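Here is a short report on one protein model. Look at the picture first, then read on.

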Amino acid sequence: MRNGKVDAIVIGAGHNGLICAAYLARAGKKVLVLERRHLVGGAAVTEEIVPGFKFSEFSYVVSLLRPEIIRELDLPGHGLQILPLESTVTPMLDGNYLAAWGDHDETRRELYRHSPLDADAYDEFGILMHHMAHAVKPIIGMMPPDPTSLSPRELLSLGKLGGHMRSLGARKFYALHKLMTMSSADYLDEWFETDVLKATKSASGIIGTFMGPRSPGSAYVLLHHYMGEIDGAFRAWGFQKGGTGGVSDAIAGAAKRLGAEIKLEAPVGRVIVKNGRASGVALENGDEYHADIVVSGLDPKRTFLKLVEERELPGDFVANIKRFKTRGSSGKVNLALSELPRLTCMEPENIARWKGVPIPPERYLRGAISISPTMDYVERAYDDAKHGSFSKRPYMDVVIPSMIDPEMAPPGQHVMSIFCQYAPFAIEGGWDDAKREAFGDAVIDALAVHAPNIKSAIIARQVLTPADIERITGLTEGNIFQGELALDQLFFLRPAPGYAKYRTPVDGFYQCGSGTHPGGGIMGASGRLAALTILGERS
Amino acid sequence: MLKTTPFHPRTAALMEAQQWRRWAGFLAASAYEMSHEREYHAIRNSAALFDVSPLYKYHLRGRDATRLLDRVVTRNVAKCQPCQVMYTPWCDPRGKVIDDGTLHRFGEDNYRLTSADPNLRWLHQNARGMQVEIEDASERVASLSLQGPLSRSILEHAVGRDLGALKFFRLTNATIGGVSVVISRTGYTGDLGYEVWMDASEALPVWDALVVHGKPYGITPAGMLALDIARIEAGLILLDVDYVSARKALIPGQLSSPFELALGWTVSIDKQPFNGKPALAREKADGPSWSLMGLEIDWLTLERLYEDMGLAPRVAAAASRVSVPVYDGSKQVGYATSSAWSPLLKRYIALAHLEASSATPGKELEFEITVEHRRKRATARVRKLPFYDPARKRS
Ligand SMILES: Cc1cc2nc3c(=O)[nH]c(=O)nc-3n(C[C@H](O)[C@H](O)[C@H](O)COP(=O)(O)OP(=O)(O)OC[C@H]3O[C@@H](n4cnc5c(N)ncnc54)[C@H](O)[C@@H]3O)c2cc1C
């Protein structure tokens, strides 16, 4: 294959690159995937960092993965197995707690304990979000039209979008408009009175962004995370058997079965451009591979500012890409544990004190623990980041994968995944080992407030700052979505006006990562749509 | 974990086959005995005792209680006398039904509203600026329903006085087993029957007294399977089965107006403004496009369909909540949402939503039925509701 020629080269074996490769191969193209690391998956990998303990190192839960991809690539046939993650418990500062269970009646009963009105509102809110997700869903599966173009095809596509918007009716249209523009805090204030409920819900509006719950625009991210919940037969958030890497392995398996070749430890140094046309890539070691189709699964900054020489690109385009916001704000702490944590708030005496319903620890530990006790807590966590440091008291989303899949850790022992915000990439003075450990300590301290036995249970820990995320996965500034999900970076603006359709200014060169429409998370939509675009142009 | 009602110590002891279901987050008996048959016949033959505590109940007190209720429900609340009960639906601003229940007027400014779904937030949203206290009494108040031809005799023994003066849809205070209760002459069976309301902390003595006094009259604790058949015979609709709440509907086709649910009689279009009034006034003038009607499946054609397979006709003992298409020739003109074999009427009956043009009593339609894994159509005739309406219900 060295110096050989294939039909298409995909740079980067993130899940989107793999999906793109699989679809191209399915259409009969000879495809070569080149991955920098020793394993596929990008931000969706499982690694045994501590012997015997498997970490879903970066992303840890799955919900957005498009059903059509699961079906068309027969991912269950290649090992996709999503196990339910049913509940969320939020410990509060006064010792009380808020739980959301998998069962509607149980959740209602728990909410009622906090606010009878919110118990009613919760159902209505759920129905509205269902409506909204349903309204936005066609947009996600749609190629973003170019609003400035007058070509009949673009106008037709714009018309379809307009028609879709009109078909929503006034009520839903206004609600959608609110969601697109408001802060998640304001949006939730219109519905609920229970602060801890709003804090916990608002958290999904800040994930992966450099926004606080009170920043306008955060409400949309809330919706982005609801998106996975509307495909009836599919569950909401789930956990892949064997960790998130299992999703990537399943996609890689499907791609290989369809004939794609995946080459590991093959970092691409540059895209070879001749006369404004891409003709292949050169690895960092100088090896060259040739193809008429070159697709990048990397984020837009890496794709255009590192792999392509600036002179091959229009100046305004380069300026747009440089401005594309990739401010990383999330960190991750993965723990190997000798025993399960115990939440003080879920001890039987404490539950009785707050008149809650007794729940055995095995049950709530199978779900998520959200460290989002108040709206102020989450907003304050953001304030720290705004001023250039990591949150002293971070927002955290904690899961114990070994409670769901016992094979994640040695029998009786456990792994814990802690997703935390905020850890700004642009920390004052830059990240170093001391700051990383201080950040890890802050995370553990903040968790120990609610689970005092955590410290003594830790066998080993892996702390990942945005700088580490960038170093390991290549995500610029450690931004988990390859670029923020902000309104000015979505749809026909993702990643740059005029280039939202997986094309680039270089002929034959395409992009397929989360940095393109419809955006981040383990969704796969951009990988698939990119492949369909390429095939549409070159069949 | 599901909640248990205040009667759980008694009902759990009676449960023979662990046939529980959930109702509004509570554990509710489907049937106590191995089959619900005897429990059903108690409703029409002696007296059946139901634990209906999971009902949502709201108490409204204060100067604006009447105003609030009049804004929310479609009936004219100002006309409801103290000690009167009104059955009523309530609508959203589009005039589509959110829920239905009974409204009990205790005094000038003192009411109880029962409902199938939670409505606390809805009441609060409608009460802005009003002087009214809204209490969610769902768990504070327990309730029993005693239904059947002998229910009055049992209750008279239990309260120690004549109840002949308690008319249909009226209520009275009384004492049972030393506990003060409210007795309303209401129910969900279309039969002579009463509902007994008490503080949850004093529920058990009431149950015990009723059982003691009811024994000579064949009082029979009964579950939801028996009730379901009786309410279909009585033509009484059930939320989430016969209609979708306007709050939960995902598409316009899932909405129903009171007129479409045969509840046009509950819409007091001339009273002060209330939720949905303009839309309802329009619909009243134009006529609804759908009607809830009875359907009676013709036994002879049913028999023939089974005979073609070499079988004798068979119907399930329990009511069905599966939606069934209804045809007029090749065209689907509606769907039946509840159906049951009525052991009393010896008829196979259904509640059906029919396009207005097909909703004429006597009209012959076709009801889809599966015989030995094959879809067939049986002849069915449109009937006025209710199917069963004994004189004793009101006398
Ligand atoms: C800490 C963290 C937690 C997250 N949690 C979740 C979650 O729970 N649920 C969820 O849905 N999403 C989550 N996400 C987001 C999600 O993981 C990403 O949006 C998604 O995985 C991105 O996939 P991708 O294929 O678009 O790109 P990537 O995964 O970034 O793939 C790019 C690939 O290109 C490779 N590469 C880079 N440079 C080169 C080069 N020069 N040559 C060859 N290969 C190269 C990289 O090694 C990588 O494999 C999380 C992300 C992070 C970082």
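Buried means under 20% relative accessible area, exposed means over 50%, and partly exposed lies in between (1.4 Å probe, protein chains only). Helices (H or I, at least four residues) and strands (E, at least two) are DSSP runs, numbered from the N terminus.

This is a predicted model, in which local features need pLDDT of at least 70 and side-chain atom pairs count only at pLDDT 80 or more, while totals for chains, interfaces and linings use all residues. Residues are numbered from 1 along each chain as its sequence is written, chains are lettered from A and ligands numbered from 1 in the order in which they are written, and side-chain values use heavy atoms, without hydrogens and water.

**Strand β2 of chain A**

Start with β2(A), residues 31–34. Val31(A) and Val33(A) point one way from this strand. Leu32(A) and Leu34(A) point the other way. All of these residues are buried.

Two strands pair if DSSP finds at least two bridges between them. Strand β1(A), residues 8–11, pairs with β2(A) in the parallel sense over four bridges. Here Ile11(A) has Leu34(A) as its bridge partner. Strand β9(A), residues 261–263, also runs parallel to β2(A), and three bridges join them. Val33(A) stands opposite Ile262(A) of β9(A).

**Salt bridges**

A salt bridge is a side-chain nitrogen of Lys or Arg within 4 Å of a carboxyl oxygen of Asp or Glu. The structure holds 63 of them over all chains.

| Pair | Distance, N to O |
|---|---|
| Lys301(A) and Glu477(A) | 3.7 Å |
| Glu470(A) and Arg302(A) | 4.0 Å |
| Glu312(A) and Arg311(A) | 3.6 Å |

What does the pair Lys301(A) and Glu477(A) tie together? Lys301(A) lies in helix α11 (residues 300–306) of chain A and Glu477(A) in the loop between α19 (466–473) and β19 (509–511) of chain A, so the pair ties together parts that are 176 residues apart in sequence. Glu470(A) lies in helix α19 of chain A and Arg302(A) in helix α11 of chain A, so this pair links parts that are 168 residues apart in sequence.

Lys301(A) counts as buried because its relative accessibility is 11%. Glu470(A), at 24%, counts as partly exposed. Glu312(A) is partly exposed at 23%, whereas Arg311(A) is exposed at 65%.

**The ligand**

A residue is near a molecule if one of its heavy atoms lies within 4 Å of it. Of the 33 residues around the ligand, Asn16(A), Glu35(A), Val61(A), Ile480(A) and Ser514(A) come nearest.

A polar contact is a pair of N or O atoms within 3.5 Å; within protein, one must be able to donate a hydrogen and the other to accept it, and residues adjacent in sequence count only if both atoms are side-chain atoms. An N or O atom in the side chain of Glu35(A) is 2.6 Å from an oxygen atom of the ligand. For a polar side-chain atom of His15(A), the distance to a ligand oxygen atom is 3.0 Å.

**Thr473(A)**

Thr473(A) lies in helix α19 of chain A. Is this residue buried or exposed? Thr473(A) is buried, with a relative accessible area of 14%. Its side chain reaches the backbone oxygen of Ile469(A) at 2.7 Å. The side chain of Thr473(A) also reaches the backbone nitrogen of Leu475(A), at 3.1 Å.
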